[in-house]
Amino acid sequence: MKTLVKVFLLPVIAVGVLAGCETKQVAAPAAEATAKDMLVSSMKAKNQATMDRLNQDELQVACSNAANSGGDAAAVEALRKAAEASVVYPADGNFLGDWKNGNAIAANGKGLQWNDNPSEPNGGNCYACHQLDPNEVAYGTLGPSLTNYGMRGQSEMMLKYTWAKIYNPHVYNVCSHMPRFGAQKILTEQQMKDIMALLLDPNSPVNQ
Amino acid sequence: MTKLHNKAGALVGVAALCTALLAPVAVAQDDDDVFAEYREMMGDENPAIFTIEEGQELWETPMGPNNVSLEQCDLGLGAGVVDGALAQLPRYFEDAKAVQDVEARLLYCMETLQGRDVIDLLVKPYSSAGDQGTELEALVAFIADRSMDAVVNVPQGHPEEQKMYKKGEEIFFYRAGPHDFSCATCHSQTDKRIRLQALPNLTTNEGAGFAFTSWPGYRISEGFLRTMGWRMQSCGRQQRLPQFQTGSEAVIALETYMGVNAKGAVMAAPGLKR
């Protein structure tokens, strides 16, 4: 028993030894590893997936529970406000790009994994969770169907609502499962504009 | 003799046919139908049979500086008892003073019984596409086969086992990384799917039972047998997190969480996966 003990099992063995023989004594609470400690000792950085990815921000801490609640009303409101403040709208005031590019981004599940090429653009992987173009049958159901999303029109309110939803969905649903594509810089501003066009352009297959 | 062995029959021919059949439809519009068809055609047959047999041979062959086989490795039900062992792992082992899953236990036995240095094995515990399978994969396949039809009963009697369940649950809900994903992002709702792939709800007995009992599985799309440890590593990758290490505590904690939630389900591994 060499490598395995050293790398993974040492804390457990230490606790076991402390607990002593034939006693029911449990190790002191101070010695107990947190979930994060356990993840840190169990994972290794690989390519672009560095260990700092295990550090949680405030929102991630608040939403890491079975209830997926975000906490009490005051905590939820604080998180929502912070999410709202994070949203950066397009500087040129133009929200809509090219739906064809948007559809390719929506179908692309690559980006930020340790086996992805960091010099290639990230995908949005929208189809993993949402129905969009009704002709694409390989769509997931974790999120709502967005087919015919464009029926909602292109008012300034709709444009800003949809942009914010992609940029940081926690503005509207504090512990949303959806990634913060803008706030976490997963997609570029242009890529988000293209996704906007996929959703809202009357010629997009989403709205046919 | 493996449980699948006497059913092997014309398996080689069937496997070749399936490879030919599946290749052009890898991106077909309804994967589920294709894989259902494949399963139906295979019936009780399973290409994992070859991996199982290789695993049995590895289990019985003396190796390492001590020149002994793994046959006296205690998988939790006593030294040398293989039947049903996977249905009761992970569990606490007094000799290791740790909760171990099948992969960690195998590595432990290689080190303690056989006197081997497993560092080389840990460099590449799971095979890449097109590779030969690894020793660990074959051994897990063999042990799984001998646990076929056993009832899942991952123990919670020892305080360390209870602690592992609790940590597993915490890690299951731990959101992190650029995408804010946790295990729960995909595996805490019922009847959902990602693209066309159904997602088991691992917080329920039914969902956890389905997932726990079907690993290791033969992945049709990859043409190879994959272990639970590999599945965890792939999930971690898709979460955009660093790489889970084989036999590590967090993996064992998650398996304990899933295994305890799966109590009473019936082992069906190695199963056929998409």
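Here are legends for a set of close-up views of a predicted two-chain model.

**View 1. The two chains, one after the other.** Start with chain A, where the secondary structure comes to seven helices and one strand. Chain A has 208 residues, and 38% of them count as buried. Take the contacts in chain A with a separation of 6 or more: residues 24 or more positions apart account for 56% of them. Chain B brings eleven helices and eight strands. Of its 274 residues, 50% count as buried. For contacts in chain B between residues at least 6 apart in sequence, 70% join residues at least 24 apart.

**View 2. Where chain A meets chain B.** Each chain puts residues into this contact: 49 from chain A and 49 from chain B. On the chain A side, α1 (3-19), α2 (35-42) and β1 (43-44) each supply at least two residues. The biggest giver there is α1(A), with eight residues. Sorted by type, the chain A side that touches chain B has 29 nonpolar, 15 polar and five charged residues.

View 3. Zoom in on β1(A) and you'll find it paired with strand β7 (residues 243-244) of chain B. The two pair in the antiparallel sense, over two bridges. Look for A:Met43, which stands opposite B:Phe244 in β7(B).

**View 4. The three-stranded sheet of chain B.** This open sheet runs in the order β6-β5-β8 (chain B), with mixed pairing. At the edges sit β6 (224-226) and β8 (271-273) of chain B, each pairing on one side only. Ignoring direction, neighbouring strands of this sheet are turned by 35° against each other on average. Strand β5 (residues 217-219) of chain B runs parallel to β8(B), and three bridges join them. To find your way, pick B:Tyr218, whose bridge partner in β8(B) is B:Leu272.

**View 5. Two nonpolar cores.** The largest nonpolar core has 73 residues, and those with the most contacts inside it are B:Ile143, B:Ile171 and B:Leu254. Apart from that one lies another core, of 37 residues, including A:Ala62, A:Cys126, A:Ala183 and A:Leu200. As a bit of background, nonpolar side chains in soluble globular proteins tend to be buried together. Now back to B:Leu254: setting aside neighbours within four places in sequence, B:Leu254 is in contact with B:Gly168, B:Ile171, B:Phe172, B:Cys183 and B:Met232.

**View 6. A glutamate under cover.** B:Glu255 is found in helix α11 (residues 249-261) of chain B. Why does B:Glu255 count as buried? Because 27 other C-beta atoms lie within 10 Å, and the cut-off for buried is 20 or more. Not counting residues up to four places away in sequence, B:Glu255 touches B:Pro90, B:Asp101 and B:Met228. For a sense of scale, B:Glu255 and B:Leu58 are 197 residues apart in sequence and 25 Å apart in space, C-alpha to C-alpha.

**View 7. A mostly covered helix.** Helix α4 (residues 102-112) of chain B has ten of its eleven residues buried. The buried run reads B:Val102, B:Glu103, B:Ala104, B:Arg105, B:Leu106, B:Leu107, B:Tyr108, B:Cys109, B:Met110 and B:Glu111.

Methods. Residues numbered from 1 in each chain as written. Chains lettered and ligands numbered in written order. Predicted model: local features only at pLDDT ≥ 70, side-chain atom pairs only at ≥ 80, totals over all residues. Buried ≥ 20, exposed ≤ 12 C-beta atoms within 10 Å, placed from the backbone. Helix = DSSP H or I, 4+ residues; strand = E, 2+ residues; numbered from the N terminus. Core = buried A, V, L, I, M, F, W, Y, C linked by C-beta atoms within 7 Å. Contact = placed C-beta atoms within 7 Å. Nonpolar A, V, L, I, M, F, W, Y, C, P; charged D, E, K, R; others polar. Pairing = 2+ DSSP bridges. Axes fitted to C-alpha atoms, helices over the stretch in contact; angles between N-to-C directions.
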